[in-house]
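Keep the viewer open as you read along.

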Amino acid sequence: MENKDRLFTRRDILKSGAASTLLPLIPGSVLAAASKPREYRLTASSTAIQLADKPFPKTDTWSFNQQSPGTLLRFRQGEATRIGVTNALPQSLTVHWHGLRISNRMDGVPELTQQPIGPGESFWYEFTPPDAGTFWYHSHLNTAEQVGRGLYGPIIVEEKEAPPVDRDLVWVLDDWRLDNQAQIILDFDNPRDLARAGRLGNTVTINGRIPQSVPVQAGERIRLRLINAANARIFALRFQGHRSLIIARDGQPVDPYEPGGPIVIGPAQRFDLILDMSAEPGQRYSVIDVSFPQSPSRLTNLVYRATPGLERAALADYPGLPENTLAEPDLSNALVQPVDLRGGDLGQLKRARLGDQQLEITRLYLLGKMWAINDVANDGFTDVPMFSVTRGRTVVLEFKNHSAWPHPMHLHGHHFKVIEHSRDREVVGKWLDTVMLGPEESARVAFVADNPGKWLFHCHILGHARAGMMAVIQVS
Ligand code: C2O
Ligand code: CU
């Protein structure tokens, strides 16, 4: 049975442009009339946060606005915004707006696109996000350490017309490596991590808390935005007893589909899901991480309130999100670039170029370099571009992972369309900014190089990037 009042309320909320409970109920016309850009302030500082429950003490983190994840930034698609970043930390930093296709000077890569923001300094970022969806921001200097200590936060770019859901939830996933006093172990250069799967933590959090149960209401429809902010951990989530519908990946809408298995979310990737709370009041269901199938772990519980349910929504009814506008690649006239990923333990990397030297692997390891793209190990942010392409041309990247470890490969300033993937059929045809390549896997992706500048391209296992798996692509 449908509850007419309930439906009316939903539509009413939609009209007001505030489908999410996170937004105050401001009439859409008021928001639209605001001509000043939306403005935020982010201050990076060290902050003690209660990650683990008492009696554990608070954890000393580095964070934006004294919380990790930092303040949720809400932008509107196609509207100018400004973010003033102040650095109250002892290290320089920059902020990268992961997945936002904005101008190069605002991309937040040290040396390559801007001078680092020194201790005590501020910098204003100004841009207009072209795509609606789920994104995130993070520091991009000494990234493995700074992100590992908590310097990141979620971004929602609102659709012009919000899709019909009862609640809009954001789960920023992370794992922390804590000692028995709940303090971060500062071994960001541990060669064992760098040469293998990256730095995995021992404490998983959702939105900066060890996840308690999540209260839900029978019958409600939730849009769940998953953001993986971990340095290296790959999550594989199963929602026990519930169907989930994937409606966007990496901020780009997809034709809604139900995943054929767990939702595998690599570092830096995002998924937007529709979850219908289809069970009965008072029930409880686990959300399980099966990324290590031999030892599945419970991420959290969905706990139904005892109060009677709303009307049932039918999952199949979901219409999907309005598309963002991305240029369609022209495969017939593309620049084809092989991307060979080598290195790490059990790897095939014998030697690589570092700066202007050709070095043997043992020598590279001593310099903290263990990974290479096309046999070049990255040595800072201003390396000679891997290739240049004229603006407007299609580029095809042909990935081949010759290593025994996974690599979520991220390109700045663009989304690419996955043309082919040796294992993952579900990803084909999707627009991503970060594509996962498991051991020995290959993939082809294509994009129109329509955003001029020098763009960073790297593995988002942050230890791998630090240890050489990074390059620059030039669009001129
Ligand atoms: Cu999240 Cu260089 O990126
Ligand atoms: Cu990697």
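A quick word on terms: helices (H or I, at least four residues) and strands (E, at least two) are DSSP runs, numbered from the N terminus. Two strands pair if DSSP finds at least two bridges between them. Within this pairing, Arg 82 has Glu 126 in E6 as its bridge partner.

Some housekeeping: this is a predicted model, where local features need pLDDT of at least 70 and side-chain atom pairs count only at pLDDT 80 or more, while totals for chains, interfaces and linings use all residues. Residues are numbered from 1 along each chain as its sequence is written, chains are lettered from A and ligands numbered from 1 in the order in which they are written, and side-chain values use heavy atoms, with hydrogens and water left out.

Back to the sheet. E4 and E6 belong to an open sheet of four strands, ordered E2-E1-E4-E6, with mixed pairing. Its edge strands are E2 (59-64) and E6 (122-127), each of which pairs on one side only. From one strand to the next, the twist averages 20 degrees; for such angles, axes are lines fitted to C-alpha atoms (for helices over the stretch in contact), and angles run from 0 to 180 degrees between N-to-C directions.

Now for the loops around E2. Pro 55 lies in the loop between strand E1 (38-49) and E2, and the peptide bond joining Lys 54 to Pro 55 is cis, with omega about 15 degrees. In the loop between E2 and strand E3 (73-76) you'll find Pro 69, where the bond from Ser 68 is also a cis peptide, with omega near 0 degrees. Gln 66 is found in the loop between E2 and E3 as well. Though not a glycine, Gln 66 has a positive phi of about 60 degrees. Is Gln 66 buried or exposed? It is exposed, with a relative accessible area of 58%; the cut-offs are under 20% for buried, over 50% for exposed, and partly exposed in between (1.4 Å probe, protein chains only).

Another positive phi, near 45 degrees, turns up at Asn 142, a residue other than glycine. Asn 142 sits in the loop between strand E7 (133-139) and helix H3 (143-148), and at 21% relative accessibility it counts as partly exposed.

Why is strand E18 (residues 284-289) largely enclosed by the rest of the structure? Because five of its six residues are buried. Strand E31 (residues 442-448) is also largely enclosed, since five of its seven residues are buried.

| Strand | Partner strand | Bridges |
|---|---|---|
| E18 | E13 (residues 235-239) | three bridges |
| E18 | E19 (residues 297-304) | six bridges |
| E31 | E26 (residues 394-401) | seven bridges |
| E31 | E28 (residues 416-421) | four bridges |

To see individual contacts for E18, pick Leu 237, whose bridge partner in E18 is Asp 289, then Ile 288, whose bridge partner in E19 is Arg 298. For E31, Leu 397 has Val 445 as its bridge partner, and Lys 417 stands opposite Ala 446.
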